[in-house]
Amino acid sequence: KENEIDLEAGAYAVLARSLMAENKTSEATKAIERAKELLHNTEDREAYLMVGTDSARLSASRGQFEEAVRLLRSILEQGHKYGYVDYQFQARLTLGKIELKSSHTTKGRADLIQLEKDAKTSGFFLIARKAQRAVAESE
């Protein structure tokens, strides 16, 4: 039963990502909120990290950078604690992009350049390309 709930929450997170890509933030917010409700009584760390990452991206897309940063720092901490390197890289990528949009442009570039190196070394080539692209687009 719990696994089904985790899968349903994951599906809502994927739906939210799709809606964010279409700039449908209101609908994406509803999907994320539903995913969070479903995960309320579960212990699936990966599901929490996935929904948390998408929630942070949604907050950033709405200009709620402080909330996004708070969520992403928590994801970094939990990802490190439990060995979820992929979520750590995703969180670092989103944090770097937020820094580029804020007054921390130099730090954002440096963080993304380091992320690109770390991601390549670990075999996360898509994350590395996304970090590289974010830096290139900021110049």
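Me: Is Tyr 12 buried, exposed or partly exposed, and at what relative accessibility?
Reply: In this predicted model, Tyr 12 counts as partly exposed, because its relative accessibility is 26%, and that value falls between the limits of under 20% for buried and over 50% for exposed.

Me: Where does Tyr 12 lie, and what does Tyr 12 touch beyond its neighbours in sequence?
Reply: Tyr 12 lies in helix 1, and, if residues up to four places away in sequence are not counted, Tyr 12 touches Ala 31, Arg 34, Ala 35 and Leu 38. The C-alpha atoms of Tyr 12 and Ala 35 are 5.5 Å apart in space, although the two residues are 23 apart in sequence.

Me: What sits between helix 1 and helix 2, and which residues does helix 2 cover?
Reply: Helix 2 covers 25-39, and the loop between helix 1 and helix 2 is the place of Asn 23. Asn 23 has a phi near 60 degrees, which is a positive value in a residue other than glycine.

Me: Is Asn 23 buried or exposed?
Reply: Asn 23 is exposed, with a relative accessible area of 67%, and the reason for the label is that exposed means over 50%.

Me: Stepping back, how many helices and strands are there in the chain?
Reply: The secondary structure of the protein chain comes to 7 helices and 0 strands, and from the N terminus on the elements run α-α-α-α-α-α-α. The radius of gyration is 15 Å, close to the 14 Å that the globule rule gives for 139 residues, so the protein chain is as compact as a globular protein of that length.

Me: What does the C-alpha trace span along its principal axes, and what percentage of the residues count as buried?
Reply: The C-alpha trace spans about 45 × 30 × 20 Å along its principal axes, and 39% of the 139 residues count as buried. As for the surface, the protein chain exposes about 8,200 Å², of which carbon and sulfur atoms supply 49%.

Me: What share of the contacts with a separation of 6 or more comes from residues 24 or more positions apart?
Reply: Residues 24 or more positions apart account for 49% of those contacts in the protein chain.

Me: Changing topic, what volume does the largest pocket have, and which residues lie nearest its centre?
Reply: The largest pocket has a volume of about 700 Å³. Its lining is made of 21 residues, and those nearest the centre are Arg 57, Leu 93, Thr 94, Lys 97 and Lys 130. Two or more lining residues are given by each of helix 1 (2-21), helix 3 (45-61), helix 5 (85-101) and helix 7 (125-138).

Me: Which helix gives the largest share of that lining, and how do the lining residues divide into nonpolar, polar and charged?
Reply: Helix 7 gives the largest share, with 8 residues, and the lining as a whole divides into 10 nonpolar, 4 polar and 7 charged residues.

Me: Staying with helix 7, is Ala 128 buried or exposed?
Reply: Ala 128, which lies in helix 7, is buried, with a relative accessible area of 2%.

Me: What are the contacts of Gln 88 and of Glu 99?
Reply: Leaving aside neighbours within four places in sequence, Gln 88 is in contact with Leu 76, Gly 79 and His 80, whereas Glu 99, with residues up to four places away not counted, touches His 104, Thr 105, Lys 107, Gly 108 and Asp 111. The C-alpha atoms of Glu 99 and Arg 109 are 8.1 Å apart, and the two residues are 10 apart in sequence.

Me: Last one, is Thr 106 buried or exposed?
Reply: Thr 106 lies in helix 6 (residues 105-122) and is exposed, with a relative accessible area of 64%. Thr 106 and Ser 122 are 16 residues apart in sequence and 24 Å apart in space, C-alpha to C-alpha.

Key: Residues are numbered from 1 along each chain as its sequence is written. This is a predicted model: local features need pLDDT of at least 70, side-chain atom pairs count only at pLDDT 80 or more; totals for chains, interfaces and linings use all residues. Side-chain values use heavy atoms; hydrogens and water are left out. On a 1 Å grid over the protein atoms alone, a cavity is a set of points where a 1.4 Å probe fits but cannot get out, and a pocket is an open set with protein on both sides within 12 Å along at least five of seven lines; lining residues have an atom within 4 Å of a point. Grid points are joined across faces, edges and corners, and a volume is the space filled by probe spheres set on the points. Helices (H or I, at least four residues) and strands (E, at least two) are DSSP runs, numbered from the N terminus. Ala, Val, Leu, Ile, Met, Phe, Trp, Tyr, Cys and Pro count as nonpolar, Asp, Glu, Lys and Arg as charged, and the others, Gly among them, as polar. The radius of gyration is taken over C-alpha atoms; the globule rule is 2.2 Å times the number of residues to the power 0.38. Buried means under 20% relative accessible area, exposed over 50%, partly exposed in between (1.4 Å probe, protein chains only). Contact means heavy atoms within 4.5 Å. Accessible areas come from the Shrake-Rupley method with a 1.4 Å probe; for residues, only the protein chains shown count as cover.
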